[in-house]
Amino acid sequence: MRHPITPIHCRPWTLNGLSLQLIESHYENNYGGALRRLNAIQQDLERLDFASAPGHLVNGLKREELVALNSTLLHELYFACLAFGDGRPTEALAQALARDFGSVDRWRDEFVAMAGALAGGSGWVLLTYVPRDHRLANQVAAEHTQAIAGAIPVLALDVYEHAYHIDFGANARAYIDAYMRNIDWKAVQVRYEDACGVAPPRPLEQPEFGDIDAVSVEDVRAMMQRGDPVQIVDARPRHYVSRTRDIMDGATWRDPERVQEWQGELSKDQPVVVFCVYGFHVGCRTARVLRDAGFDAKYMAGGHAAWRAIGGKTLAYG
Ligand SMILES: [Fe+2]
């Protein structure tokens, strides 16, 4: 595949404090250079016989391809982020920034500080939307490649020296200030809205247990910390527990094969949280039996493994 050049989105002659010469040089030499490198690398890859190519060659070319592709993409975003304006986020974006950073000023302080910290080195500072969390985040991207997996950058600040030395010499701080004055916030808002339309990664689905309520390990921990009344039942299979070494603090182990025998020991006045090893069938089935018997029972999603994964306290057992 040959990657075509993207025409420059911003109108360089309208920008405030960033010269035509700087923007043109950046677009033609650095963006253009990355794109030309990308196409050349991909041509080399197309000619490669992967069955016989030495590992170092494949490794080197694929890494170079990643750098060139991401440099191309980020430069296209960079030039699409610039316009003459008042430097103030649109109302919708101001609300999103305040939601995710505390305030617009707090976001700006972090973003600018990250760029300042890169000055003298090199890299990108990105405002990026993470569909998994439905949130915006600031990130540093060194080597053009450190992108948050699955996230969508909506604003890109190039802090490589080639982005400013023609106008500002070594004064990266003055360049960063000029960039902040020239952000095309309307375009950023459109990209943000597009990013918000990207579905988060699909959650684990267990349609066969769709009728049983789940509770997260984080919520169970919060209930315990608050001292909420709750009965926690560890219903890991006997064969599993017999070779395990620990049990969730606050839980009582009960054999899931014998639920009819022990359910009478539980109170119907307090909620029951039941779990198995990973949160699949055993915990769900046990929760259903208890619920059908009149208990306020839920299963703990992710089970014992998720409890351990969040650093939940366990006690020695067996
Ligand atoms: Fe650049």
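The model is predicted: local features need pLDDT of at least 70 and side-chain atom pairs count only at pLDDT 80 or more, while totals for chains, interfaces and linings use all residues. Residues are numbered from 1 along each chain as its sequence is written.

The protein chain contains 12 helices and 10 strands; these are DSSP runs, numbered from the N terminus, with helices (H or I) of at least four residues and strands (E) of at least two. Its radius of gyration is 27 Å, whereas a compact globule of 318 residues would have one near 20 Å (taken over C-alpha atoms; the globule rule is 2.2 Å times the number of residues to the power 0.38). Of the 318 residues, 30% are buried, that is, with 20 or more other C-beta atoms, placed from the backbone, within 10 Å of their own.

Strands of a sheet pair through backbone hydrogen bonds, either parallel or antiparallel. Here, three strands form an open antiparallel sheet in the order β2-β1-β3, where pairing requires at least two DSSP bridges between two strands. Strand β1 (residues 124–130) is joined to β3 by six bridges, and valine 125 has leucine 157 of β3 as its bridge partner.

Which strands does helix α2 touch? Helix α2 (residues 55–79) packs on the sheet, touching β1 and β3; contact means C-beta atoms, placed from the backbone, within 7 Å.

Key. A residue is buried if 20 or more other C-beta atoms lie within 10 Å of its own, exposed if 12 or fewer, and partly exposed in between; C-beta atoms are placed from the backbone. Two residues are in contact if their C-beta atoms, placed from the backbone, lie within 7 Å. Axes are lines fitted to C-alpha atoms, for helices over the stretch in contact, and angles run from 0 to 180 degrees between N-to-C directions.
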